[in-house]
Amino acid sequence: MKIWIKVLLGLVIGAFLGGYLPEDGAAEFFQYAAELVINIGYYVLFPLVFFSLAVGIFELRKENMTLRVLGRGVLYGLAATFLLVLIGTASVVLLAPDRIPIIIEQESPFSVPGVGEILKSIFPRNIFTVFTGAGSFLLPIYVFALFLGMNFTFDRSISRPVVQLFDAFSRILYHGNKFIVEILGLGMIALTANMVFTVNRIPQFELFGQLLLLLSINAVFILFGVFPLLLYFLGGRENPYKWLYGIITPLAAAAVSGDAYFTLMSLIHHGRENLGVSRRVGSALFPLYAMFGKAGSAMVTGIAFIVILKSYSSLGLTVSAVLWVMLFSFLVSFLTGPFPGSAVFIGLALLCSWYGRGIEEGYLILRPVLPLLISYGVVLDTATAAFAGLLAARHEDQHHEIFLKDYV
């Protein structure tokens, strides 16, 4: 059975259970089960990224492709982020969703990290702590693997045994990750039921209806219009919707988990087995996008922040305010890497803090629907990663065609 069919069955069963089971007891159980499923998804992810990236960089460097692949990947990620922020800002200005009533809170229930704290978390003093940390940030492991891979080529007779060991670990861990993805359908039951219970607990859901509708329109437009069109003209004028079919499972995982790292383990598998992205490119770009390629989260953050501005002021938006939102939505997306399950929330909190003028805690008016906003962001982040990764692989001739009947 195809993985996406298992995942679809899991979605249906989870939605049924979440919709019809009594909330007392069941909601708490499925919340715990969902957290356990996400932990299982993380289980082999960090060592898989570490060993696969080191080997991938070694192979790229042998062919003098390292800077080209990473440079092209970064360029595509930046371009996609700018494009989605532009689309999101234009849509919220033109369609103008209604204001949301301001919620009065005594104090913020969240602890929002500052920019300095975020930057310090990127580079620990002791690199070995990346193997014993809480598993909230991939970048230290990514940089360490990149460093090792670049140095595997200094004397190949010396490094050959280590490269072979890393390659063996990479393949073993990939096989273990494959098993987890294969049974993902069972995990989707818990994740979907937990999401349904979360949505059912949203008070006055209708207040956020126009905002969620706007995000849905943007998501459909980008997934079925913008990315396929770009892929058709830039990626070889082939059927671009094969790409979308190939990432059904990662998109579903993103929607119900709202966690970029949990989704990454599925994207790594489907990127190779469905999209045909080589290991050397996928190992370098997919984790990078999970940390910094947050085009969708940037777009959702910009849209939500403009709604907050309109809710706090009856005055119309000025051109300077719109440009400010676009610029800082773009920039803040690159600071949310340590928060794979709350990028939109952290982005909104930082924007409100930077903007000031009495709306430092303005993000709290969107608190009830934050899980949904985060899910929209991660879905579009995942689509961006798959799109940019496939495009980079094709342009660097690191892609092999896979027939639809062979998709997993």
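Predicted model: local features only at pLDDT ≥ 70, side-chain atom pairs only at ≥ 80, totals over all residues.

Residues are numbered from 1 along each chain as its sequence is written, and side-chain values use heavy atoms, with hydrogens and water left out.

The chain has a mean pLDDT of 89, and 92% of its residues reach 70 or more; pLDDT is the predictor's confidence in each residue, from 0 to 100. Confidence is lowest in helix α5, residues 115-120, at a mean of 62.

Now Arg-279. It sits in helix α13, residues 279-292 (helices are DSSP runs of H or I, at least four residues, numbered from the N terminus). Is Arg-279 buried or exposed? Its relative accessibility is 12%, so Arg-279 counts as buried (under 20% relative accessible area, with a 1.4 Å probe and protein chains only). Leaving aside neighbours within four places in sequence, its contacts include Glu-59, Asp-167 and Arg-272 (heavy atoms within 4.5 Å).

Next, the largest cavity, with about 120 Å³ of space. A cavity here is a set of points on a 1 Å grid over the protein atoms alone where a 1.4 Å probe fits but cannot get out, and lining residues have an atom within 4 Å of a point; the volume is the space filled by probe spheres set on the points, which are joined across faces, edges and corners. Of its 15 lining residues, Arg-272 and Arg-279 are among the closest to the centre. Helix α13 gives the most to this lining, with five residues.

Methods. Helix = DSSP H or I, 4+ residues; strand = E, 2+ residues; numbered from the N terminus. Buried < 20%, exposed > 50% of the residue type's maximum accessible area, 1.4 Å probe, protein only. 1 Å grid on protein atoms, 1.4 Å probe; cavity = no way out; pocket = protein on both sides within 12 Å on 5 of 7 lines; lining within 4 Å.
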